[in-house]
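Keep the structure open as you read.

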Amino acid sequence: MARERSGRTVAHLVLATRLKTLREAAGMTRGEAAEALGAHSATVRRIELAETSLDEGQVHTLLKAYGAGLAEIEKVLGQLARANLPGWWHPWRSVMDPWQLDLMSVESATSIIRVWEPALVPALLRTPAYARAVDDVRRPDLSPEARDERTDLLMERQRRLRDRNTRLWALMSAAALHTTVGNAEVMNDQRLALRAAAERTDVTLQIHPLNGPLHVMTGMPTVTLYRVDVPEIPDHVVREGTLPGTADVSDTLDTVTAYHVLLDHACVIAPHPDNSKEALLS
């Protein structure tokens, strides 16, 4: 049975990666694995990319074909139930952008999130009212109820990241402090929230001034880099598109490294976090 579309969980990704590793260690191609399975090679590809649920019978057949021992087979089969459980974000799947569905598993395994935001307050530092006001303008295609749900999802993401003590290193333009989102009350509350966030040990906030020098991220859309601490899951970079709800997602080493270097350069140019705290008081 196909997996209900709610995005891959960390356990699902880890198990799918394990199956791919075992196949490669056995010297088998996807075509050969598919032959042992009595299926098309695309089926094996979807299993290894965690694009479908992991069926116990299929997994058992693949493990035997790969020459896995009894202990390995029992271990993997024992992990199946957890791997097939929907992610915590499952209740919000209908209002999530397609690219977000699979990114939630990555975010849930992230140790450090780095973000460049060119015009607004970074999403993971937004208040509920600010976040809703942004969606009111950017997502008129969604119903008010859907926008409420997206705000609830964002607040749950923030809570879970704080509970995991995930580090957030955000570089934003001071333009966000001069762009009215919602109304004056929303902006005042958001500024207070930024001041509080800047005092947290798990947050590094740098604000690039309006009269600051040109830097390598100038003109780029929102970029988020996920540094993952689970060996089976690579780091990811997300470059949000110009159209609402779109983004380019990559986990290739060259692309992730390139954006890591760009963020490093931009952060060197930006004021020290202590100076950013002062900017929030002005």
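How many bridges join strand S1 to strand S2, and do these strands run parallel or antiparallel? There are 6 bridges between S1 (residues 110-117) and S2 (residues 167-173), and the two run parallel. Bear in mind that this is a predicted model.

Now zoom out to the whole sheet. It is an open one of 6 strands, ordered S3-S2-S1-S4-S5-S6, and its pairing is mixed. At the edges you'll find S3 (203-208) and S6, each pairing on one side only. From one strand to the next, the twist averages 10°. Helix H10 (residues 253-269) packs on this sheet and touches S1, S2, S3, S4, S5 and S6, while its direction makes about 65° with that of S1.

The antiparallel part of the sheet is worth a look too. S4 (residues 223-228) and S5 (residues 236-240) run antiparallel and are joined by 4 bridges, with tyrosine 226 standing opposite histidine 236 in S5. S5 is also joined to S6 (residues 247-250) by 4 bridges, again antiparallel, and here valine 237 faces serine 250 in S6. The hairpin of S5 and S6 has 6 residues between the strands, and glycine 245 in this hairpin adopts a positive phi near 80°.

Next, the packing. As a rule, nonpolar side chains in soluble globular proteins tend to be buried together. In this model the largest nonpolar core has 40 residues, and the members touching the most others are Leu125, Tyr130, Met172, Leu194 and Leu205. Helix H9 (residues 184-198) gives the most to this core, namely 5 residues. Methionine 172 turns up again here: leaving aside residues up to four places away in sequence, its contacts include Trp116, Glu117, Leu120, Leu194, Leu205 and Ile207. Apart from that core lies another, of 20 residues, with Leu15, Leu37, Ala68 and Ile73 among them.

Finally, a helix pair. The axes of H6 (residues 98-108) and H8 (residues 144-163) come within 12 Å and cross at roughly 20°. Angles under 35 degrees count as roughly parallel, so H6 is roughly parallel to H8. Their crossing is left-handed. To see where these helices meet, pick out Gln100, Met104 and Glu107 in H6, which contact Arg150, Arg157 and Leu161 in H8.

Note on methods
Residues numbered from 1 in each chain as written. Predicted model: local features only at pLDDT ≥ 70, side-chain atom pairs only at ≥ 80, totals over all residues. Heavy atoms only, no water. Pairing = 2+ DSSP bridges. Axes fitted to C-alpha atoms, helices over the stretch in contact; angles between N-to-C directions. Contact = heavy atoms within 4.5 Å. Core = buried A, V, L, I, M, F, W, Y, C linked by side-chain atoms within 4.5 Å. Buried < 20%, exposed > 50% of the residue type's maximum accessible area, 1.4 Å probe, protein only. Parallel < 35°, antiparallel > 145°, perpendicular 65-115°, else oblique. Left-handed = near helix turned anticlockwise from the far one by under 90°.
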